[in-house]
Amino acid sequence: MDSALIVVDVQNDFCPGGVLAVPGGDLIVSKVNALLALYPLGILTQDWHPLMHCSFASTKSLPPFSLDRSVTPPSILWPDHCVAGSRGADFHPALQTWRARFILRKGTQQILDSYSAFFENDAVTPTGLAGLLSSIGVPRVLVCGLATDYCVKATALDARREGFDVVVIEDATKGIDANPGDIAKAKEEMRAQGCTFVQTSELLAKA
Ligand code: VGL
Ligand code: ZN
């Protein structure tokens with residue numbers, strides 16, 4: 001098995017109609033389904049927060065999208081999203097979840113957020129995914145999903161840090177761009193760390 005496909009957070013709350021909608025987030029779903037059909041080692045991540053989670057603005061009585069300066073480095077506070085067991089935390093209804101081998105929930109602890117599929121945001125607590133992939137013997141991960149400038153970026157950078165070859169499927173990701181330019185900056189950071197970019201059609205054509 002030479003590649004795993006990591007599908008980041010294709011959930012209702014990150015799609016139009018959700019509380020933290022990524023523009024066009026739902027438009028990647030059919031591409032992701034085609035990719036899941038192609039790669040038998042599919043891993044879906046699912047943002048999965050308890051009530052009063054540390055990343056929720058409401059928990060800190062601050063406005064959504066403001067900075068939490070009580071932590072280092074300061075982190076963005078979000079509207080309540082992807083509450084464990086809620087409809088918003090469900091995968092997009094058109095996502096063919098049955099095709100995936102694993103589902104990894106993240107951000108499940110009250111006091112610790114997790115953008116990356118590999119490490120919690122403290123950058124030292126592993127989720128176990130690197131060990132899982134290593135034990136299967138997979139050298140390469142393909143990354144797609146939501147959102148390019150947060151969880152996709154964090155996952156791709158940590159995968160590099162863990163020594164995997166990383167390919168980002170550019171047209172099967174969408175970003176938030178809370179500050180215009182964030183998506184472009186995220187892609188630059190990923191490129192600078194050795195991630196490469198492909199389009200879905202290139203992968204499908206090779207199959
Ligand atoms: C995400 C903000 C908060 C993401 C998750 O999936 O990119 N963004 N939680
Ligand atoms: Zn979250």
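Guide: Let's start with a word we'll need: contact means heavy atoms within 4.5 Å. Keep in mind that the model here is predicted.

Visitor: Is Ser55 buried or exposed?

Guide: Buried means under 20% relative accessible area. Ser55 has 5%, so it counts as buried.

Visitor: What about Met52, buried or exposed?

Guide: The mark for exposed is over 50%. Met52 is at 55% relative accessibility, so it counts as exposed.

Visitor: How should I read backbone angles?

Guide: Here's the general idea: most residues other than glycine have a negative phi, and most peptide bonds are trans. Now look at Met52, with a positive phi near 60°, and at Ser61, whose phi is near 50°, positive as well.

Visitor: Which peptide bonds are cis?

Guide: One is the bond from Thr72 to Pro73, with omega near -10°; Pro73 sits in the loop between E3 and E4. Another joins Leu146 and Ala147, with omega about -10°. Ala147 lies in the loop between strand E6 (140-146) and H3.

Visitor: Now a helix. Which residues of H4 are buried?

Guide: They are Asp182, Ile183, Ala186, Lys187 and Met190. Look down the axis of H4 and those buried residues fall within an arc of 135°, so they line one face of the helix. On the face turned away from that buried side you'll see exposed Lys185 and Ala192.

Visitor: What covers the buried residues of H4?

Guide: The cover includes H3, strand E7 (165-174) and strand E8 (196-198).

Visitor: How much space lies in the largest pocket?

Guide: About 920 Å³. It is lined by 36 residues, and the closest to its centre are Pro73, Pro74, Ser75, Tyr115 and Asn121. Two or more lining residues come from each of strand E3 (67-68), strand E4 (75-76), helix H3 (148-161) and helix H4 (182-192).

Visitor: Which element gives the most to the lining?

Guide: That's H3, with seven residues. By class, the lining has 18 nonpolar, six polar and twelve charged residues.

Terms used:
Residues are numbered from 1 along each chain as its sequence is written. Chains are lettered from A and ligands numbered from 1 in the order in which they are written. This is a predicted model: local features need pLDDT of at least 70, side-chain atom pairs count only at pLDDT 80 or more; totals for chains, interfaces and linings use all residues. Side-chain values use heavy atoms; hydrogens and water are left out. On a 1 Å grid over the protein atoms alone, a cavity is a set of points where a 1.4 Å probe fits but cannot get out, and a pocket is an open set with protein on both sides within 12 Å along at least five of seven lines; lining residues have an atom within 4 Å of a point. Grid points are joined across faces, edges and corners, and a volume is the space filled by probe spheres set on the points. Helices (H or I, at least four residues) and strands (E, at least two) are DSSP runs, numbered from the N terminus. Ala, Val, Leu, Ile, Met, Phe, Trp, Tyr, Cys and Pro count as nonpolar, Asp, Glu, Lys and Arg as charged, and the others, Gly among them, as polar. Buried means under 20% relative accessible area, exposed over 50%, partly exposed in between (1.4 Å probe, protein chains only). The arc is that of the directions from the helix axis to the C-beta atoms.
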